[in-house]
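Subject: Structure for you to look at

Hello,

Here is the structure I said I would pass on. My notes on it follow below.

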Amino acid sequence: ISLMFLFLITTVHPDSPQEVMQPATEEEPYIPDEGDALTVLLFGVDSADAVAGTYILARFDPVGRGVRVAVFPPQTLMASGQREETLSEAYRYGGARYTRDALAEHLNLPIHRYARISLSGFVTAAQAVGNVEFDLEEELVLSDGDFAVQLYPGRQLLDGRKVAALIRSRDCPGGEIQRCQMVARLTCAIV
């Protein structure tokens, strides 16, 4: 570091003529339009070879300045082409790309990208953000492997373990629909 400062002191002279900086040319500011919206389908899997257990559809809307999230249960029935099948059946039949295309056709909505994300990857994303602030309407006791995770009503901070328990749990009092609604709100909180 000393050598670097010595070099700067000996080669840069404040009394030498300085290059006059030209003002930057003003470019048109970037203003997003509807074509810049991006819809992504995330397949939540427990392991690399597992069938997706959670289907998260997220639309990033720069015009509306928001992210809209819908989480579908694996049993969601959709019609595409001449077939009627659930999301999990579509995934087993043709994988992620086939499921993305079938859901896009069913919803009549372009789905630009898709990705498989493991539960551990989702937890890593949540931990990268730090603890996730989350509001619960009712107390929940969820099973997370060998121990139970108790979540209380009201605003709280969820660490990675609690995020995983909330996503993985199939024990919600309101069933699969309540779990999907909570995962959607949790995804928005992480984003």
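Helix H3 lies across strands E1, E2 and E6, and runs at about 95° to E6. Please keep in mind that this is a predicted model.

H3 covers residues 119-129, and its buried residues are Leu119, Phe122, Val123 and Ala126. Looking down the helix axis, these buried residues fall within an arc of 100°, so they line one face of H3. Ser120 and Ala128 are exposed and sit on the face of H3 turned away from the buried side. The elements covering the buried residues of H3 include strands E1 (38-45), E2 (54-61), E6 (113-118) and E7 (132-136), along with helices H4 (160-168) and H5 (175-190). After H3 comes Gly130, which has a positive phi near 100°.

How do H3 and H4 pack, in angle and axis distance? The angle is about 135° and the axes are 9 Å apart. Angles under 35 degrees count as roughly parallel, over 145 as roughly antiparallel and 65 to 115 as roughly perpendicular; H3 and H4 are therefore oblique to each other. The crossing of H3 past H4 is right-handed. On the H3 side the contact is made by Leu119, Phe122, Val123, Ala126 and Gln127, and on the H4 side by Gly160, Val163, Ala164, Ile167 and Arg168.

Now the sheet. Four strands form an open sheet in the order E3-E2-E1-E6, and the pairing is mixed. Its edge strands are E3 (66-72) and E6, each of which pairs on one side only. From one strand to the next the twist averages 20°. E1 and E6 pair in the parallel sense, over six bridges, and Gly44 stands opposite Ile117 of E6. Helix H2 (residues 87-107) also lies across E1, E2, E3 and E6, and runs at about 160° to E1.

Last, the hairpin. Strands E4 and E5 (residues 83-86) pair in the antiparallel sense over four bridges. Leu77 has Thr86 in E5 as its bridge partner. Two residues lie between the strands of this hairpin, and Gly81 takes a positive phi near 60°. Which residues of E4 are on its covered face, and which on the uncovered one? In E4 (residues 77-80), Met78 and Ser80 make up the covered face, while Leu77 and Ala79 make up the uncovered one. In a regular strand the side chains alternate between the two faces of the sheet.

Regards

Note on methods
Residues are numbered from 1 along each chain as its sequence is written. This is a predicted model: local features need pLDDT of at least 70, side-chain atom pairs count only at pLDDT 80 or more; totals for chains, interfaces and linings use all residues. Side-chain values use heavy atoms; hydrogens and water are left out. Buried means under 20% relative accessible area, exposed over 50%, partly exposed in between (1.4 Å probe, protein chains only). Two strands pair if DSSP finds at least two bridges between them. The arc is that of the directions from the helix axis to the C-beta atoms. Contact means heavy atoms within 4.5 Å. Axes are lines fitted to C-alpha atoms, for helices over the stretch in contact, and angles run from 0 to 180 degrees between N-to-C directions. A crossing is left-handed if the near helix is turned anticlockwise from the far one by less than a right angle, and right-handed if clockwise.
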